[in-house]
Amino acid sequence: MTEPARHGPLTGLRVVEIGHFVAAPFCTRILGDLGADIIKIEPPEGDPVRQWGEQIDGNSLWWSMHGRNKRSVTLNLKQPRAADIVLKLVEKSDVVVENFRPGQLARLGLGDEVLRRARPDLVIAHISGYGQDGPYRDRAAFGVIGEAIGGLRHLSDHAPGTSDLPPVRVGVSIGDSLAGLYAAFGIVSAVWQRDRVGGDRKGRTADVALTETVLSMMEGMLPEYGALGKIRQPTGSRIPTAAPSSAYPSADGRWILIAANSTPLFARLCALIGRPDLPDDPKFSDNRSRVANVQELDSIISTWTRQLPVADIERRLNEADIPCTQVYTAAECARDPQFLHRGMVRTVEDGLLGQVLHGGVVPHIPDDPGAIRWPGPAIGEHTDAVLGEILPAEQIAMLRREGVI
């Protein structure tokens, strides 16, 4: 048997994605970037994300990256015969990833037991709002719900007393993406356990909840509440446990992040801004005192930054070896020399869109790097090719006439 061309460390892993929107597709995009063969099952009208974001001639620019490295197969799962096709695909696959509501796949004839009759050692990853059990199991949820109930929306808000606007949303689908990351990690862990640790070839399940993935990222929020009854509050651009570390205004209306929150870094910053006396001031002599007096400290630093253009501030801080950066927009990200050198901004040829910028492959594994093999495909672009691996051509034609594919 000919070995498949290598496209990363997961080359040879075959994954069936029965996902939509963000969480499951984000999970499989990561796996696909690292070489896995992703078979994405879509309804005939396509994944809803194909309609999201900016478009060119009705084609989503987001989809170009979100759907990359996947083979798109259209399948109407509401048709009774669709389940049989999925099971034939599962027989030749290692993993199934889905993010319907708990129990939905079972109602379509594709419950865990049925899937494992087709492939006993199948790894199944369920991604849902609240998990596969518990009192909230059947509640509707998207990533934003996970962000709110997991504590992130509260902590990403404006500092108390500074605004009466609604709690601020992180500017990307962070709750969904975190769930996708955890699911990818769970899948790789389950495959490792199945194939390498003892070799028992037992099928395993990863049960990933959007709400839980966000809560798991909340650092000391729960320990502080449990031990001290303290409810952590939002701090705007500051870090609540270290100072100085915030965004500061420049003379040309930009913002620069300065993170000088260790004793040597703080001393270098004070020398740079012409205030070498500050490290000896009891209000700023150690991190705890700097955090307690952070408003006064940030005001002193802002007085200096407001006098200079942002590029000049950044140059001086870098020369002093103080962690800093301008607050990047898409334009700065796209031309940043570090991102370009590392392949984190890549030009990809998309047959539907022309040349499109994509983010690179993460994690970077130098000895066996992943690849962007193709951008997000057209709806059902690979239906005939994929189904041709398991069905004769006349049966595929009949399924198309019957509206199953």
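**Cores, domains and cysteines**

Let's start at Leu387, which touches Val73, Ile85, Leu89, Ile396 and Ile405, leaving aside residues up to four places away in sequence; a contact here means heavy atoms within 4.5 Å. Before I go on: this is a predicted model, where local features need pLDDT of at least 70, side-chain atom pairs count only at pLDDT 80 or more, and totals for chains, interfaces and linings use all residues. Residues are numbered from 1 along each chain as its sequence is written, and side-chain values use heavy atoms, with hydrogens and water left out.

So where does Leu387 sit? With Leu75, Leu387 has the most contacts inside the largest nonpolar core, a set of 28 residues. By nonpolar core I mean buried Ala, Val, Leu, Ile, Met, Phe, Trp, Tyr and Cys residues joined through side-chain atoms within 4.5 Å. Buried is under 20% relative accessible area, exposed is over 50%, and partly exposed is in between, with a 1.4 Å probe and protein chains only.

Helix 3 (82-91) is among the elements supplying at least two residues, and helix 3 gives the most, with seven. Helices are DSSP runs of H or I, at least four residues, numbered from the N terminus. There's also a second, separate core of 27 residues, including Ala125 and Ile372.

Cys270 is buried at 1% relative accessible area, and Cys324 is buried at 18%.

Last, domains: domain 1 covers 14-217 + 342-401 and domain 2 covers 245-334, with bounds from an automatic or database domain assignment. Their C-alpha centres are 41 Å apart.
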